[in-house]
Amino acid sequence: MYKIAVAGTGYVGLVAGVCFAEMGHQVTCVDIDQSKVEVMKSGISPIYEVGLQDLMIKNYESGNLKYTTDYQSAYKDADAIFIGVGTPEQPDGSANLSYIATVARQIAESVEKDCLVVVKSTVPVGTNDKVEQFIQDFLVNDVKVEVASNPEFLAQGSAVHDTLHAERVIIGTESKWAEELLQGIYKPFNLPVVSVNRRSAEMIKYASNDFLALKISYMNDIANLCELVGADIQDVAKGMSFDERIGSKFLNAGIGFGGSCFPKDTKALEYLAKQNGYELKTVQAAIDVNKEQKTILYKKASRRLITFNGLKVAVLGLTFKPGTDDLREAASLENIPLLLEQGADIYAFDPVGADNFAKVHPEGQNGRGSITYVSNVEEAIKDANVCFIFTEWAEVREVAPSMYKELMRTPLVYDGRNIYSVDKMEQAQVEYHSIGRKTVERQNMKEANERELHAARS
Ligand code: NAD
């Protein structure tokens, strides 16, 4: 078993650290945020991920897992130091590597024995070469430090499962020593390991994420065309999914991708290409389509209504996807300011994301409009004039179409996640706008009513 330190206790670092401990390694998780460290020591997870808190408590109690802000003591005699700090987007689209640089310097000044530094953060191709050089430049003791790449593929919302049962572990190394050490650390996971050189490992991460982003934007583009030509995107996706070359995942159309990875990783790869004199046209298209898609429902609703001023607007879902409290690049963050600007009175429901959202938009008056956080869907939609669905939480999925008709002042629903059957919404007499499918207009509902009446009479 190995002595491991992990720098950064966000989604990637904390989950990795906890899972290494679960596999029997001696792990110390390091963060600069003292309050976060105190919270973790008290047995509480600072992020919401299914199963994470239980594993944190179990491994903390067994002594396999520690939390600290004292990086020196954590790094000085570690066999491997994993870096999982953020690499956020900069205004020009490039990745901000300052957090990585800080950790690299802290490592250089702390290590007292040979160790492997493993970069888990998503970094542009070539960064690990620079990290290695940077560490050499600042190294205080006469020890060997090598850098390896081990990009992370977990999805928020299923991070623990994705780590313990990863489809593959990518390791990018430049020496047999580094490769064997990483193989050893991952041995107890019993997962397929793909061993490549460092630059290829860095590229695999971007190429994979950007491919998925492209797939989403492609389906959204096709969905928008489906609406214009009378096809149904869900039927189209179903038909496509039988082709093994296409696969059945990531074919759902919606209001675009968000989260901490796809938006920034598409821009970072595009930036890297530009830096190297290459234009990555496919990725640029994915970015452009996504930008338009984020507010497509707002634009549709603006055409349908004279104004949002003074309207009660229900918003169901604030996080960028279900299963997480993360709001980064969520559709809600783009649409809610637009609605508030127009004077809407928003009633928002999200089972775990409301507290984080309230930090950006506190409850009460927000400019011309207002926002109220409610604890269930019913409260949000009661007497509402219009409802937007931004996140497909189970609590939203299980609301019957008839509830919108019953509770809303005007049963007018804009669904960015296509969670309802168009026919069922029509039967429930809800005016229903979704993505890439038939719209249930007032007119359709009248006709459906008349058909029902006619059938009842005859
Ligand atoms: P995050 O922002 O949630 O967490 C980063 C943590 O690092 C914070 O707790 C911060 O306090 C800490 N930190 C900053 N400087 C530090 C230092 N010098 N020493 C110790 N800790 C420090 O980030 P995240 O979402 O976990 O992402 C981390 C990296 O992993 C990014 O490069 C991201 O692109 C990549 N990644 C993220 C995901 C994901 O789903 N979130 C998936 C795959 C890859």
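Where does Asn418 have its place? Asn418 sits in the loop between strand E14 (412–415) and helix H19 (422–427); helices here are DSSP runs of H or I with at least four residues, strands are runs of E with at least two, and both are numbered from the N terminus. Before going on, a word about what you're looking at: this is a predicted model, where local features need pLDDT of at least 70, side-chain atom pairs count only at pLDDT 80 or more, and totals for chains, interfaces and linings use all residues. Residues are numbered from 1 along each chain as its sequence is written, and side-chain values use heavy atoms, with hydrogens and water left out.

Asn418 isn't a glycine, yet its phi is positive, at about 50°. With 7% relative accessibility, Asn418 counts as buried (buried is under 20% relative accessible area, exposed is over 50%, and partly exposed is in between, with a 1.4 Å probe and protein chains only). Gln429, in the loop between H19 and E15, is another residue other than glycine with a positive phi, near 60°.

Now for the ligand. It is surrounded by 26 residues, and the closest are Asp31, Lys36, Thr87, Gln156 and Lys264; a residue is near the ligand if one of its heavy atoms lies within 4 Å of it. Helix H1 (11–22) and helix H5 (98–110) each supply at least two shell residues, and H5 gives the most, with three. Domain 1 (3–196) and domain 2 (205–293) each contribute at least three residues to the shell, with the bounds coming from an automatic or database domain assignment.

Some polar contacts stand out here (pairs of N or O atoms within 3.5 Å). An N or O atom in the side chain of Lys264 is 2.5 Å from an oxygen atom of the ligand. For the side chain of Arg328, the distance from an N or O atom to a ligand oxygen is 3.1 Å. Ser260 places a polar side-chain atom 3.2 Å from a nitrogen atom of the ligand. On its own the ligand has 840 Å² of accessible area, and the protein covers 90% of that, going by the Shrake-Rupley method with a 1.4 Å probe.

Next come the salt bridges, 20 of them in the whole structure. Each is a side-chain nitrogen of Lys or Arg within 4 Å of a carboxyl oxygen of Asp or Glu. Lys267 pairs with Glu89, with the closest N and O atoms 3.2 Å apart. Lys267 is in helix H11 (residues 262–275) and Glu89 is in the loop between strand E4 (80–83) and H5, so this pair ties together parts 178 residues apart in sequence.

Arg198 and Asp129 also meet in a salt bridge, at 3.0 Å from N to O. Here helix H9 (residues 198–229) holds Arg198 and helix H6 (residues 127–138) holds Asp129, so parts 69 residues apart in sequence are tied together. Arg198 is buried at 5% relative accessibility, whereas Asp129 is partly exposed at 27%.

Finally, Arg304 and Glu431 form a salt bridge with their closest N and O atoms 2.7 Å apart. Arg304 belongs to helix H13 (residues 296–304) and Glu431 to strand E15 (residues 431–433), so the pair links parts 127 residues apart in sequence.

Note on methods
A polar contact is a pair of N or O atoms within 3.5 Å; within protein, one must be able to donate a hydrogen and the other to accept it, and residues adjacent in sequence count only if both atoms are side-chain atoms.
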